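Reader: I would like to learn how to read cavities, pockets and surface patches. Could we go through them one at a time?

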Amino acid sequence: MELLLFNIFNGLIIGMFYALMALGLSLILGLNGIINFSHGAFLALGGYIAYSLTPVIGFWGALIVSPFAVGLIGLLAERVLIRPLYGRDPLFSLLLTFGLAMIMQDLIRTFWGATGLPFTIPDTLSHPLSQVYFFVTGYRVFLVVLSLFATASLFALLRFTRVGVRIRAGNADLETVSALGINIYRLRAINFAVGILFAGLAGVLAAGRLGLTPTMGASLLMPSFVAIIVGGVGSLLGSMLGGIIIGVAAGIVTTYYPAASDVVIYLIMAVVLVVRPRGLLGQEGLLE
Amino acid sequence: MSAVLVAEDLQTYYGKSHILHGVSLTVNEGEIVTLLGRNGAGKTTTLRSLMGLTPPKQGRIQIFGQDVTGWPAYKIARLGVGYVPEGRKIFGHLTVHDNLRVPALTKGRWTLETIYKLFPRLDERRSSKGGQLSGGEQEMLAIARALLLNPRFLILDEPSQGLAPVIVEDVMNTIRTMRDEGIAVLLVEQNAWLALRNADRAYVLGDGSIVHEGPAAELAADEKRVKALAGASLETSAIDAVT
């Protein structure tokens with residue numbers, strides 16, 4: 001029983017990483033129309049930048065600064081690499097982001113080395129909160145709470161601010177948004193940067209949980225795509241739920257049959273695609 | 001009377017098909033100009049070309065005396081051009097209020113408050129989803145959205161489409177009010193009689209070129225000609241007679 005709880009909780013944490021990734025991927029797929037294969041590399045970058053910033057500004061500073069730094073790098077990548085590809089065959093952006101991911105991974109290897117690095121979290125967060133449930137550390141609880149807070153902030157931004165309303169409108173009909181005087185180039189750039197910022201945040205949080213390797217993001221990327229499909233393409237809430245569901249499901253399966261913990265993700269996807277092809281929440285338009 | 005819009009020799013393509021073969025038209029301050037034509041004559045394409053949504057391969061567009069050839073749609077809109085697209089294109093999954101928060105913020109008399117005063121029905125339905133509105137309400141929302149840009153030039157693509165005759169009259173009254181307040185209007189209509197009754201001047205498009213231009217009243221008086229040029233059927237004129 002304790003082992004099951006342990007694995008469910010671990011699954012929830014991994015699910016949070018999937019969810020943060022899937023949210024960013026979903027945003028970018030929605031407005032920018034790009035399947036961003038470099039999302040995992042941006043995640044890794046977030047972890048590594050936080051690693052280098054921690055000695056200078058501490059863990060808490062790095063936790064805040066690193067995601068925004070990664071978001072800025074994302075903004076630059078959108079401006080220079082992605083923007084020329086809007087309106088072209090989706091294959092172009094697929095290839096580009098795939099190539100970008102490999103370049104970024106190699107840059108990480110060049111700057112930080114190919115071997116894994118430990119990422120230390122503050123002592124205040126590393127202690128278990130309970131003697132019985134030793135796995136419930138402060139850091140893990142913090143990670144779940146911060147992820148939920150970040151997600152809630154994103155939903156508030158999309159619901160209540162004009163930029164958010166325009167992003168939601170643009171998901172449905174970018175052309176009409178443009179005819180209403182909105183600079184859609186800037187809107188797409190902001191949207192891309194916000195999506196990347198979420199990858200960066202997931203990177204910092206994942207670094208403290210899983211450690212740093214240049215490919216840490218790549219292994220989270222595929223399940224995150226699965227999360228989007230399970231949750232329903234076009235629904236941010238669905239992406240979030242999809243991430244948590246597959247994370248927890250993998251955790252449960254680990255308890256009984258560890259070898260199948262990777263496969264179960266794809267089994268869930270297969271079942272969802274057969275029973276409900278549009279995904280769990282992929283019914284109506286965005287964010288309904 | 002100065003020109004709000006001068007378009008010269010627009011040549012527009014959709015992929016490889018050549019849709020507009022040198023369309024030229026002018027809209028002056030304080031007038032309603034209607035652009036008529038049969039289905040597929042290129043009316044919507046002309047409007048999309050003017051808005052920068054389907055940029056012409058050749059030709060020149062001046063709006064408020066400024067050369068806007070090749071400009072993206074958002075820059076043209078920000079000059080003070082309101083566009084009400086074919087099929088209204090309201091954001092069905094957003095509330096009425098959120099639909100009205102999409103347009104760029106501009107200075108002028110039209111703000112969310114004054115718009116809600118002009119369209120009390122939209123005020124009542126503020127928190128309804130755009131997709132739940134009736135056709136007439138959606139048309140009002142599309143016009144309201146364009147007005148929030150505080151335009152000096154309004155482009156409307158078939159505002160009467162799919163609306164009950166009574167509602168069409170409401171829409172036309174709104175358009176005439178706008179004209180009287182100094183907004184120039186370019187109106188594309190399938191319903192030729194309706195358009196000619198409300199417009200000052202008319203152009204007729206046929207197969208991607210202008211085949212007629214002149215005062216609206218003059219064209220309206222020549223029923224045969226309207227039928228021949230604009231494809232207006234007896235049925236539409238009969239419906240108009242009832243309203």
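Author: We start with the largest cavity, whose volume is about 30 Å³. Keep in mind that this is a predicted model.

Reader: How many cavities of 30 Å³ or more are there?

Author: The count comes to 1.

Reader: Which residues line the largest cavity?

Author: A cavity is a space where a probe fits but cannot get out. Here the lining consists of Ser49(B), Gly52(B), Pro55(B), Pro56(B), Ile61(B), Val68(B), Gly70(B), Trp71(B) and Ile76(B). By class, 6 of the lining residues are nonpolar, 3 are polar and none is charged.

Reader: What is the volume of the largest pocket, and what lines that pocket?

Author: A pocket, unlike a cavity, is an open set of points. The largest pocket holds about 570 Å³ of space. Its lining has 26 residues, and those nearest the centre are Tyr86(A), Gly87(A), Ile184(A), Tyr185(A) and Arg188(A). Two or more lining residues come from each of helix H1 (2-32), helix H3 (90-112), helix H6 (162-179) and helix H7 (184-210) of chain A, and from helix H2 (73-78) of chain B. The lining divides into 14 nonpolar, 7 polar and 5 charged residues.

Reader: Which residues form the nonpolar patch on the surface?

Author: The patch is made of Val56(A), Ile57(A), Ile64(A), Val65(A) and Phe68(A), which together have about 490 Å² of accessible area.

Methods. Residues numbered from 1 in each chain as written. Chains lettered and ligands numbered in written order. Predicted model: local features only at pLDDT ≥ 70, side-chain atom pairs only at ≥ 80, totals over all residues. Heavy atoms only, no water. Patch = residues over 30% accessible without salt bridge, like charges linked within 9 Å, V, L, I, M, F, W, Y side chains within 5 Å. Areas by Shrake-Rupley, 256 points an atom, 1.4 Å probe, with all protein chains shown as cover. Salt bridge = Lys/Arg side-chain N within 4 Å of Asp/Glu carboxyl O. 1 Å grid on protein atoms, 1.4 Å probe; cavity = no way out; pocket = protein on both sides within 12 Å on 5 of 7 lines; lining within 4 Å. Points joined across faces, edges and corners; volume = space filled by probe spheres on them. Nonpolar A, V, L, I, M, F, W, Y, C, P; charged D, E, K, R; others polar. Helix = DSSP H or I, 4+ residues; strand = E, 2+ residues; numbered from the N terminus.
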